[in-house]
Amino acid sequence: MNGPQITVVGNVGGSPKLRSLADGTFVTSFSVAMTPSRFDKTSEAWVDQETLWFRVTCWRSLAEHAAMTFNKGDKVIVTGTFSTSTWKDKDDVERVSSEIDAVSVGMDLTRGPVVQRRFERVTADPMTGEVVS
């Protein structure tokens with residue numbers, strides 16, 4: 001997919017949903033909320049702006065890993081291709097959603113350390129089905 005690349009730091013808005021397509025491809029989707037803040041010179045304080053919501057889609061192994069890793073409220077960093085889509089809600093009101101087709105997703109370490117677990121890839125012989133190293 002072509003489009004502008006974007007990196008967003010925010011909080012996971014709900015439990016990631018993993019599904020498998022008919023061809024066996026894994027897809028995980030979840031929302032990320034980002035609330036930017038600006039320094040108000042008048043009050044000399046940081047003021048939160050409107051929260052921005054992004055729908056994130058992960059594919060294949062990234063989808064599996066995201067579904068195993070993230071929970072609602074986790075602070076994450078998402079990089080991918082940005083797009084918008086327009087749709088109508090149940091009241092026939094036109095809505096716009098911001099979407100990211102993720103290339104990379106990770107935990108934001110400002111909240112604390114994370115321990116990575118590496119998975120050993122297991123390959124099966126296509127003729128016999130036996131596991132090969």
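Author: Glu 44 sits in the loop between strand 4 (37-40) and strand 5 (45-48). Strands (E, at least two residues) and helices (H or I, at least four) are DSSP runs, numbered from the N terminus. This is a predicted model, in which local features need pLDDT of at least 70 and side-chain atom pairs count only at pLDDT 80 or more, while totals for chains, interfaces and linings use all residues. Residues are numbered from 1 along each chain as its sequence is written, and side-chain values use heavy atoms, with hydrogens and water left out.

Reader: Is Glu 44 buried or exposed?

Author: Buried means under 20% relative accessible area, exposed over 50%, and partly exposed in between (1.4 Å probe, protein chains only). Glu 44 counts as exposed because its relative accessible area is 64%.

Reader: What is the phi of Glu 44?

Author: Most residues other than glycine have a negative phi. Glu 44 has a positive phi, near 55°. Asp 92 also has a positive value, near 65°. Asp 92 lies in the loop between strand 7 (75-88) and strand 8, and it is exposed, since its relative accessibility is 53%.

Reader: Which residues does Phe 39 contact, leaving aside neighbours within four places in sequence?

Author: Contact means heavy atoms within 4.5 Å. With those neighbours left aside, Phe 39 is in contact with Glu 44, Ala 45 and Trp 46. Phe 39 belongs to strand 4 and is partly exposed, because its relative accessibility is 43%. Between the C-alpha atoms of Phe 39 and Lys 17 there are 36 Å in space, for 22 residues in sequence.

Reader: With which side chain does the side chain of Ser 85 make a polar contact?

Author: A polar contact is a pair of N or O atoms within 3.5 Å; within protein, one must be able to donate a hydrogen and the other to accept it, and residues adjacent in sequence count only if both atoms are side-chain atoms. For Ser 85, the partner is the side chain of Glu 99, at 2.7 Å. Ser 85 is in strand 7, and residues up to four places away aside, it touches Arg 95, Val 96, Ser 97 and Glu 99. Thr 25 gives a second case: its side chain makes a polar contact with that of Asp 23 at 2.8 Å. Thr 25 is located in the loop between strand 2 (17-20) and strand 3, and is buried because its relative accessibility is 17%.

Reader: How many bridges join strand 3 to strand 6?

Author: Two strands pair if DSSP finds at least two bridges between them. Strand 3 (residues 26-34) and strand 6 (residues 52-59) are joined by 8 bridges and run antiparallel. Ala 33 has Trp 53 of strand 6 as its bridge partner. Strand 6 also pairs with strand 8, in the parallel sense, over 4 bridges. There, Thr 57 stands opposite Asp 101 of strand 8.

Reader: Which residues lie nearest the centre of the largest pocket?

Author: On a 1 Å grid over the protein atoms alone, a pocket is an open set of points where a 1.4 Å probe fits, with protein on both sides within 12 Å along at least five of seven lines; lining residues have an atom within 4 Å of a point. Of the 17 lining residues of the largest pocket, His 65, Thr 69, Val 115, Gln 116 and Arg 117 lie nearest its centre. Helix 1 gives the largest share of the lining, 5 residues.
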